[in-house]
Number of protein chains: 2
Amino acid sequence: MKLATYKDGSRDGQLVVVARDLSIAHYASTIASRLQQVLDDWNFLAPQLQDLSDALNAGRARHAFPFDPRQCMAPLPRAGLWALADAYDAGLPAESAADPGLRLGAGHGLAGACDPVPALSEQQGIDFGAGLAVVTADIPQRASPEQALDGVRLVLLVNAVVLHADGLTAAQRQPHTAFGPVAVTLDELGDAWAQGRLQLPLQTHWNGRRVGMAEAGADMRWHFGELIAHLCATRPLAAGSIVGAGTVRNRGVEGKSRMEWPKGFHAIADKRTVEALRDGQAATGFLRFGDSLRIEMKDADGLSLFGAIEQEVVALAPPGVASARGRGHAAPAAQED
Amino acid sequence: MKLATYKDGSRDGQLVVVARDLSIAHYASTIASRLQQVLDDWNFLAPQLQDLSDALNAGRARHAFPFDPRQCMAPLPRAGLWALADAYDAGLPAESAADPGLRLGAGHGLAGACDPVPALSEQQGIDFGAGLAVVTADIPQRASPEQALDGVRLVLLVNAVVLHADGLTAAQRQPHTAFGPVAVTLDELGDAWAQGRLQLPLQTHWNGRRVGMAEAGADMRWHFGELIAHLCATRPLAAGSIVGAGTVRNRGVEGKSRMEWPKGFHAIADKRTVEALRDGQAATGFLRFGDSLRIEMKDADGLSLFGAIEQEVVALAPPGVASARGRGHAAPAAQED
């Protein structure tokens, strides 16, 4: 099933069940009002949501309404744990083969799919980071990767914003994370969910140009079970923990005269790394006010799995001044050469 | 007022108001069942809790019962953000003068004052870390340290367990954090709360011996407003964020023939650092199964402000094996020489 959280002015929003094709939705209020409730009591509540989902997909839900991603908060707006890895192995510098680079972040303030990216200054090196995450059940300390994988409840689409400017501390560099409109159970993914990875291409558009189309499963060195198990080596995880695999990237391929990265990039930093490798210097600038992002994943039939993350970078106004919105600038295309 | 969260089998427990002398308590259920609710809606709910607190302290609360710290969960068992700094300046190596060393951690699974410290192996370099933290209101992005200080709702006593063994990643090193039985509003602290610091000595006992009695306000280089403002430089904080100042430590003093640290230590790592400085080698070992800890802070009248953290280190049993409990070993005394 597909679950979303609608804005209602509260901090946790209202849980809705969304049809597979994302056309219509239905409030889950008679079953649970918040997704965390469902995660806390999954075995009791999930079957009830599944019944509602079945009715919705069969056109039998009586109070269905058109689904609007702009009304969405993050599917889980406050999480007890939000950890982001750097789990891809594209053969680029700064990747670690020794550990998955998991960093813990703020679990509150997780943003909705169409919320703006509020930024203080274009000088902060504002970057996007498109990828996938999972929401877990309770996972015991010292769970094996296989046990951990059994505890994956939902898959999410993620845009983890990073600030690259000098002078910021690690605690300041990840100010904003947005999630795709709907959270998806594994049965919705079919064969594309295999070996703890989602084997589908991710599409990222920057100011309307497609800049990334990497395979999300292909070069993921640590699968989601391994990422969860890494965290569980010294502690249990509670239901509703979100674990992200980091920016999706694929290995380069040998081109006519040099290495090429035909699948583009899902973070500007990756593009800059490739530029520095090939040309001795990074040329692409980071995000500017007014820039737009669109991140989406489609299944083999072309159906959008999570809905799209569609965000605009907006200037955070100084106190007392209305928000300034700049104009987007042209982004480089995905195709190298 | 003083607030605690009683265990009731649920993940969030039941909010109780506790008398100033920690003798009796009263369920807050007619006002709010969870502390997060109160933080989300402080201006409406806090005055009602204050009325209950006043009645309790005046002996007029009708359903009061004896307060038992062993029934306590963390005052806020799941937080949207848990960040721990290293804000003290004791002139020891590895302290940074450049930034407060804030690290984000897991907001879920925060432990109660008398919960055990579950550990896998004595070889993991298990350490305690006694100090203070604050729970915040909503704090806007780019809040000044003074604004941030105005958003401090509650003060907490903390034991942040750290694993020092080689081979663990940063995401694995902070497996367990416990909090004192009660969270305390600033009005309970009187003049001891000054300049964003709590100007009182902290007492730590290890296996019954007092090993630390450092002043918690004296050498805190960054005050709580500065710590919160550091996090808010790039993001807002949501109500219910917990920000810890790190292990309390004081500067050494010139002794007869060498530097001395008469106030002892609140983390074994600090003791080992001093040993390495003075003797060329760390001698004190880390925690063993069965070791006990007691962390407490008393006001000028000798009244326990937060109640005591009293924990035992227990071996996490391998699957299917009952928990093994070792015997405590003697801890070195606080007084050097």
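Strands, like helices, are taken here as DSSP runs numbered from the N terminus, a strand being a run of E with at least two residues and a helix a run of H or I with at least four, and two strands are said to pair if DSSP finds at least two bridges between them. The model is predicted, so that local features need pLDDT of at least 70 and side-chain atom pairs count only at pLDDT 80 or more, while totals for chains, interfaces and linings use all residues. Residues are numbered from 1 along each chain as its sequence is written, chains are lettered from A in the order in which they are written, and side-chain values use heavy atoms, with hydrogens and water left out.

In chain A, 5 strands form an open sheet of mixed pairing, in the order 7-21-20-15-16. The edges of this sheet are strand 7 (117-119) and strand 16 (209-212) of chain A, each of which pairs on one side only. Strand 15 (residues 202-206) of chain A runs antiparallel to strand 16 of chain A and is joined to that strand by 3 bridges; H205(A) has R210(A), in strand 16 of chain A, as its bridge partner.

In chain B, strand 7 (residues 117-119) contains V117(B), which is buried (under 20% relative accessible area, with a 1.4 Å probe and protein chains only), its own value being 2%. Beyond its neighbours within four places in sequence, V117(B) is in contact (heavy atoms within 4.5 Å) with V161(B), H176(B), Q311(B), E312(B), V313(B) and V314(B). The C-alpha atom of V117(B) is separated by 22 Å from that of R249(B), 132 residues apart along the chain.

How values were computed: Buried means under 20% relative accessible area, exposed over 50%, partly exposed in between (1.4 Å probe, protein chains only).
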